[in-house]
Amino acid sequence: EGSDTPLWTVDGSGTYGGTGEGLVLTSSGTSLSALDSQTGKRLWTQSQLPLSGGSVLPSGHIFAGLVDNGFSSGIAVLDARTGQLTWRLDHDGRDQVLTIPGTTGLLHYVNGRELRRLELATGKELMSADISAQTSGASSVIMTLSGDAILLLVEHGGSSAVGGTSKGVVYGLADLKLRWE
């Protein structure tokens, strides 16, 4: 404290980020490494999966994107201590998966069909809701979380700024029940 001297430095290419739980994550190509945040010592490298970045979660997990030829192809959940795969979810790149802040859950938007709430530690589906009636014919759907609600911005024919139309659809986060559209 009060010093301009860094704790450690590291040479090498790649990107750095995803700090938390005493770790700094670094990505190079499709491999992910964890460094000890106090010493800079490399703790592990996961190069068996095609990973793109990651976030360290308070649960002791790492939430990382899977890539295939530069495109999103799913998510992987890793053990933050070892870098070993806990579970993975493959998709075609049109799905969205978000961590639910303050919980040990994930929200999986299955392209135009379904919302699923998943357990972070196992990937087990806890609940689901059919959303096809609200997203039918959509050109895109953007999912965001706000408090205890899920907002789906459903766009038809492109963004509303360039002649398309959009509507908001809100589901309850705890029960995945439609609140309004």
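Biologist: Which residue does the side chain of Asp-79 meet in a salt bridge?

Modeller: In this predicted model, the side chain of Asp-79 meets that of Arg-81 in a salt bridge, with 2.8 Å from N to O.

Biologist: And are those two buried or exposed?

Modeller: Asp-79 counts as buried because its relative accessibility is 18%, which falls under the 20% cut-off, whereas Arg-81, at 69% relative accessibility, counts as exposed.

Biologist: What stands opposite Asp-79 in the strand pairing?

Modeller: Asp-79, which belongs to E7, stands opposite His-61. Strand E6, residues 61-68, and strand E7, residues 71-79, pair in the antiparallel sense over eight bridges.

Biologist: What order do the strands of that sheet have?

Modeller: The sheet is open and has four strands in the order E5-E6-E7-E8, with antiparallel pairing. Its edge strands are E5 (51-56) and E8 (85-90), each of which pairs on one side only. On average, and ignoring direction, neighbouring strands of this sheet are turned by 20° against each other.

Biologist: Back to charges, then: how many salt bridges does a search of the whole structure find?

Modeller: The search finds seven salt bridges. One of the salt-bridge pairs is Asp-90 with Arg-88, whose side chains meet at 2.9 Å from N to O. Asp-90 counts as partly exposed at 47% relative accessibility, and Arg-88 likewise counts as partly exposed, at 36%.

Biologist: What about Lys-167, which residue does its side chain meet?

Modeller: The side chain of Lys-167 forms a salt bridge with that of Glu-181, at 2.8 Å from N to O. Lys-167 lies in strand E15 (residues 165-172) and Glu-181 in the segment after strand E16 (178-180), so this pair ties together parts that are 14 residues apart in sequence. Lys-167 itself is partly exposed, with a relative accessible area of 27%.

Biologist: Which residues are linked in a network of salt bridges?

Modeller: Glu-114, Arg-116 and Glu-125 are linked in such a network.

Biologist: Changing topic to Ser-33: where is it found, and is it buried or exposed?

Modeller: Ser-33 is found in strand E3, residues 31-36, and with a relative accessibility of 5% it counts as buried.

Biologist: Which side chains make polar contacts with the side chain of Ser-33?

Modeller: The side chain of Ser-33 makes a polar contact of 2.8 Å with the side chain of Arg-42, and another polar contact, of 2.9 Å, joins it to the side chain of Thr-45. Leaving aside residues up to four places away in sequence, Ser-33 touches Val-24, Leu-25, Thr-26, Arg-42, Trp-44 and Thr-45.

Technical notes. Residues numbered from 1 in each chain as written. Predicted model: local features only at pLDDT ≥ 70, side-chain atom pairs only at ≥ 80, totals over all residues. Heavy atoms only, no water. Helix = DSSP H or I, 4+ residues; strand = E, 2+ residues; numbered from the N terminus. Buried < 20%, exposed > 50% of the residue type's maximum accessible area, 1.4 Å probe, protein only. Polar contact = N/O pair within 3.5 Å; in protein donor to acceptor, adjacent residues only side chain to side chain. Contact = heavy atoms within 4.5 Å. Pairing = 2+ DSSP bridges. Axes fitted to C-alpha atoms, helices over the stretch in contact; angles between N-to-C directions. Salt bridge = Lys/Arg side-chain N within 4 Å of Asp/Glu carboxyl O.
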